[in-house]
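Hi,

Here is the structure I promised to send over. Have a look at it first, and then read on for what I found in it.

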Amino acid sequence: MLTNRSKIVAKKELSLAEKLYFPAILAGMAITLKHFFTKKVTINYPEQKREHSKVYRGQHVLKRDEIGAERCTACGLCALACPAEAITMTASERKPGEEKLYREEKYASVYEINMLRCIFCGDCEEACPKEAIFLTDRIIPSNYERGGFVFGKDILVEPVNDRVDVSLRQTEEVREFKKNKNYAHNI
Amino acid sequence: MTVSYLIYKLILVLIVFVISLFVAMYSTYAERKVAAFMQDRLGPNRAGPFGILQPLADGIKMFMKEEIIPNVSNKFLFILGPSLSMLTACMTSVVIPWGTQLTINGKPYPLQITDVNIGILYLFGVVSIGVYGIMIGGWASNNKYSLLGALRASSQMISYEVAMGLAIIALVMMTGTLSLKEIAAQQNGWRWNVFYQPLGFLIFLICAFAETNRAPFDLPECETELVGGYHTEYSSMKLGFYLFAEYINMFISSAIISTFYFGGYNMPCLGRFVHDPNMLATLGVVFMFAKIFFFIFFFMWIRWTLPRFRYDQLMNLGWKILIPLSLINIVLTGVFILRQDIIHYFIK
């Protein structure tokens, strides 16, 4: 009563028309019949796919540069930024003659993302100073074993002849954002 | 009683049996489709085009499942339960007139397996046995949920059978016969019984829902309270029999409703366009099935519209509303039949 918002609930006796229930039943049947003929919201999944938003965050890709060398330098910033601790990597030194394979002197010989731990937040992509890791609109396929969800370089690195388009996630604005020293992870 | 007559009857029995199984089979598919459509979904559409092989897939699944008979159950009764359910469900179709008759080479071939002159009594007898299948199954399972489901089923079916019978008595008073063939034949043209017995039809319809244990009266098997009701312990094809019997019952109930109140195979104005009697009979069967399918759809429509009754509401509706109403209906029918005499008595 202090707030004056309480309402008195009255248990009203039903009128004869309401007691007969038939008007209510007919109204209900009209509703179900209307839904019988409305357009269905279901889509047939494997054949039809619902369109993802442009910046959908799905399976990761490790990018190569123009000549096909891996961009990742195993700096570990992505692993550090990862709130779910899904990323692990082992750094190695580039040998002479491997310039076409790895962009810089240091590279990741092992790079693994545990897709069961990953929460697809996109922090790895924001943290990466080398434009090496991006999230794509691909869905993680199902697997029967836990081990199958630990994706190594064989899955993550994009094939030389079959590049993954990440232009939507690599706009001018994003690049500007990454250069801004006001944000802690860009220092 | 010639041999050819016997063979004809045998073939007819076989056809009716196969058709009722077939319709029941596709009722399961239709139910899933109707449910889905009313909930803005698509329903089964993977097995075959539009999912029409879904009932077959379900049947195969049922057969493949492990068959479990509980250790503490009464094994004989446990198997008898679903068998009895199935048997009674299949027996009722015998007296239903599917059409008038075909005349081939001057010989009449009636499209009804047998015209018992106490057809309605036979129907009630067989339907009443149907409750045993459920009761025995629930009792033999030796499980609280099953027993509760069986008790609910039996009390529900017994109480609604009274109102159903009283509704039918008014119909019998109107038609003056217990033979289903006669009842169907009397309703030619627009003289459908539903126009003379609207209240009786309503009572009969509500009781038919209760007798077939369909929503909103599906208390014997309500999943939310009783796990599965009387068939909690059943698995494999024995469970399949119970579920299947329910769909056959739905088919037969639809057939009975159309025969009793909606003119059976009669269709008004049809005789004006079609003159060949054989053609007329065939079209009659078609219309009979159209009516049946409409009522099967109606059963499903109600199921996906109305929520389940509470148990005391169910009993109140049965004993305190439907039975007095059907008694009033009998009195009204009597007054209607004797209206000439009554007017005569007062006016002289």
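Let me start inside chain B: Phe298(B) belongs to helix H12, residues 277-303 (helices are DSSP runs of H or I with at least four residues, strands are runs of E with at least two, and both are numbered from the N terminus). Phe298(B) is buried, at 15% relative accessible area (buried is under 20%, exposed over 50%, and partly exposed in between, with a 1.4 Å probe and protein chains only). Leaving out residues up to four places away in sequence, Phe298(B) touches Met29(A), Leu205(B) and Phe209(B), where contact means heavy atoms within 4.5 Å. Gly334(B) is 36 residues from Phe298(B) in sequence, and their C-alpha atoms are 31 Å apart in space.

Some background before the rest: this is a predicted model, in which local features need pLDDT of at least 70, side-chain atom pairs count only at pLDDT 80 or more, and totals for chains, interfaces and linings use all residues. Residues are numbered from 1 along each chain as its sequence is written, chains are lettered from A and ligands numbered from 1 in the order in which they are written, and side-chain values use heavy atoms, with hydrogens and water left out. The model scores ipTM 0.78 and pTM 0.79. Chain B averages a pLDDT of 85, with 97% of its residues scoring at least 70 (pLDDT is the predictor's confidence in each residue, from 0 to 100).

Now for chain B as a whole. It has 14 helices and two strands. Its radius of gyration is 21 Å, close to the 20 Å that the globule rule gives for 348 residues, so chain B is as compact as a globular protein of that length (the radius is taken over C-alpha atoms, and the rule is 2.2 Å times the number of residues to the power 0.38). The C-alpha atoms fill a box of roughly 70 × 55 × 45 Å along the principal axes. Buried residues make up 50% of the chain. Of the contacts between residues at least 6 apart in sequence, 79% join residues at least 24 apart.

Chain A has six helices and five strands, in the order α-α-β-α-β-β-α-β-β-α-α from the N terminus. Its radius of gyration is 27 Å, whereas a compact globule of 187 residues would be near 16 Å. The C-alpha trace spans about 95 × 50 × 35 Å along its principal axes, and 30% of the residues in chain A are buried.

Within chain A, Thr73(A) sits in the loop between strand E1 (60-62) and helix H3 (77-81). Thr73(A) is buried, at 11% relative accessible area. Beyond its neighbours within four places in sequence, Thr73(A) contacts Glu104(A), Lys106(A), Tyr107(A) and Lys130(A).

Most residues other than glycine have a negative phi. Glu131(A) is not a glycine, yet has a positive phi of about 55°; this residue is in the loop between helix H4 (123-127) and strand E4 (133-135) of chain A, and counts as buried at 14% relative accessibility. Phe50(B), also not a glycine, has a positive phi of about 55°. Phe50(B) is in the loop between helix H1 (3-38) and helix H2 (54-64) of chain B, and counts as exposed at 67% relative accessibility.

Best wishes
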